[in-house]
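Open the structure in your viewer and keep the selection tool at hand. We will go from stop to stop.

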Amino acid sequence: MIKNVLKNRLLVQQQGGNTMLAITEFGHYGKEGDWTDAFKQAIEHLDSRGGGTLYVPAGSYSTHSIQLRSNMTLYLDAGAVLNFTDDVENYEVISMEFEGIAGSMYKPLIYASGEKNVAVVGQGKLNGNGQRWWRESKQFPHKRPYLVCFDNCQHVLLEGVTLENSPVWTVHPIYCDDVIIRGVKIKNPADSPNTDGIDPDSSRNVRISDCIIDVGDDCIAIKAGTEDTPRKMPCENITITNCNMLHGHGGVVIGSEMSGGIRNVTITNCVFQETDRGIRLKTRRKRGNAMENMVFDNIVMDKVMCPFVFNMYYYCGAGGKEKHVWDKAAYPLDETTPAIRNIMISNCMVTSATAAAGFFYGLAEQPIENVMLSNVSVCMAQDGAPDMPAMMSQLEPVQGEGFFLRNAKNITFSNVRITGQKGEMTDVDQTVELTIR
């Protein structure tokens, strides 16, 4: 039966090969308990036949990186666990961007570069075994590896699998076209550093649906390189729907790497629970380009610190303490000036928010523009701890505040209600054009 299921899946994906192999047929390769060479041999065998399916039955398999080729499906059956070895000394190293900076990185557990029609599916698990990576990261000469990375690939499917304990970002499609991530469960400890869930980066036509993401950093972060990224490409045509986000630093985060531009993004029917921030856009001077044309609809948030954050003075990362990042004076407009514009947020219910209902802070020379909130209800917690609604200098922790806006134009609140806040619903000055209906 499993053979028929896999063949049907293969036909649906229109992959080139019909060969199906079980990894256990290659178990005699390599060292005892180490399946790295078995996976290598099996993939070479499939590749020589134009592709096919590599079937991994229930069991535990310790391995270094597995590099997939075109027209290939890795099928992890229920009970199958790929354990990413932390034998760092024997890792391969690749050239790879991290946070928009080109450099060297240890090779991910699942990796494909320049391939087409690549899939990782099933009910099995990828265990990144990240404890050593988190504990000793400063001692390694190269960047920690992603758990799953598709680099310059077309027609990618990641479906059904469970991903846990990633060394750094869990799923990273970069410079890809046509990516489906569906029904995936991601779990990284709350204190694990930089363990984002899913980070589409300079990619287009990405669909993320029906996922549960509980991580130590951003649940989903959409990125497009920095001013230092050699190859600037947009991240565009992104849809995210029917997902649950838990405990991360942000539910859905746009930026701060956005120098290639981020546009045409739709997020619907999602639940954010105990994330630090909910919908979060962040950038700063010299990043250039724009984050634009975005719709957020039917979102439920519970126990978030600040549900809506648009911050154009974001200071984290290399160079974040330089004057141009924090200076509130107006600078000349040029191609390095970033923009945030054309955003619609509707039908959102927020309960037990702690720091503030929202925080919008545009640049003095480039205000946030054309933002509409409609049918939004925010209930502030009465006993929430003070915290920083956004990461920027000269900002103090707050508790129970309403919407704070600076340098924002053509902002519309339609049927926006806040309960339990301190003071007025909005804190604005002469730099803000706000219409309340």
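How many bridges join β28 to strand β30? Select residues 368-380 to see β30. Nine bridges join β28 to this strand, and the two run parallel. Keep in mind that this is a predicted model.

**Stop 1: β26, β28 and β30**

Stay with β28 and β30. Pick Met-344, then look across to β30: the bridge partner is Met-372. Now turn to the other pairing of β28. Select residues 290-302 for β26 and 339-353 for β28. Eleven bridges join these two strands, again in parallel. For one example, click Ile-299; the bridge partner in β28 is Cys-348. What holds paired strands together? Strands of a sheet pair through backbone hydrogen bonds, either parallel or antiparallel.

**Stop 2: a nonpolar patch**

Next, select Val-300, which sits in strand β26. Is Val-300 buried or partly exposed? Its relative accessibility is 38%, so Val-300 counts as partly exposed. The cut-offs explain the label: under 20% is buried, over 50% is exposed, and partly exposed lies in between. Together with Val-300 they make a nonpolar surface patch of about 230 Å².

**Stop 3: the seven-strand sheet**

Now show the strands β20, β23, β25, β27, β29, β31 and β33. They form an open sheet, with the order β20-β23-β25-β27-β29-β31-β33 and parallel pairing. Which strands stand at the edges? They are β20 (220-222) and β33 (426-427). Each has a single partner strand, so one side of each has no neighbour in the sheet.

Move to β27 and β29. Select residues 306-311 and 356-361. Four bridges pair these strands in the parallel sense. Click Phe-308 and find Gly-358, the bridge partner in β29.

**Stop 4: aromatic rings**

A search of the whole structure finds 20 aromatic pairs. One of them is formed by Phe-359 and Tyr-361. Their centres are 6.0 Å apart, with 35° between the planes, and the pair is tilted. Phe-359 is buried, with a relative accessible area of 2%. Tyr-361 is buried too, at 15%.

Phe-404 counts as partly exposed because its relative accessibility is 23%.

Then select Phe-84, Tyr-91, Tyr-106, Trp-133 and Phe-140. Ring pairs link these residues into a cluster.

**Stop 5: the four-strand sheet**

Last, show β4, β9, β12 and β15. These four strands form an open sheet in the order β4-β9-β12-β15, with parallel pairing. The edge strands are β4 (66-67) and β15 (171-174), and each pairs on one side only. Two bridges join β4 to β9 (residues 110-113). Click Gln-67 to find one end of a bridge; its partner in β9 is Tyr-111.

Is His-172 buried or exposed? His-172 counts as buried because its relative accessibility is 0%. Show what surrounds this residue. Leaving out residues up to four places away in sequence, His-172 touches Glu-97, Tyr-146, Val-148, Cys-149, Phe-150, Asp-199 and Asp-201.

Technical notes: Residues numbered from 1 in each chain as written. Predicted model: local features only at pLDDT ≥ 70, side-chain atom pairs only at ≥ 80, totals over all residues. Heavy atoms only, no water. Pairing = 2+ DSSP bridges. Patch = residues over 30% accessible without salt bridge, like charges linked within 9 Å, V, L, I, M, F, W, Y side chains within 5 Å. Areas by Shrake-Rupley, 256 points an atom, 1.4 Å probe, with all protein chains shown as cover. Salt bridge = Lys/Arg side-chain N within 4 Å of Asp/Glu carboxyl O. Buried < 20%, exposed > 50% of the residue type's maximum accessible area, 1.4 Å probe, protein only. Contact = heavy atoms within 4.5 Å. Phe/Tyr/Trp six-rings, centres within 6.5 Å; stacked < 30°, edge-to-face > 60°.
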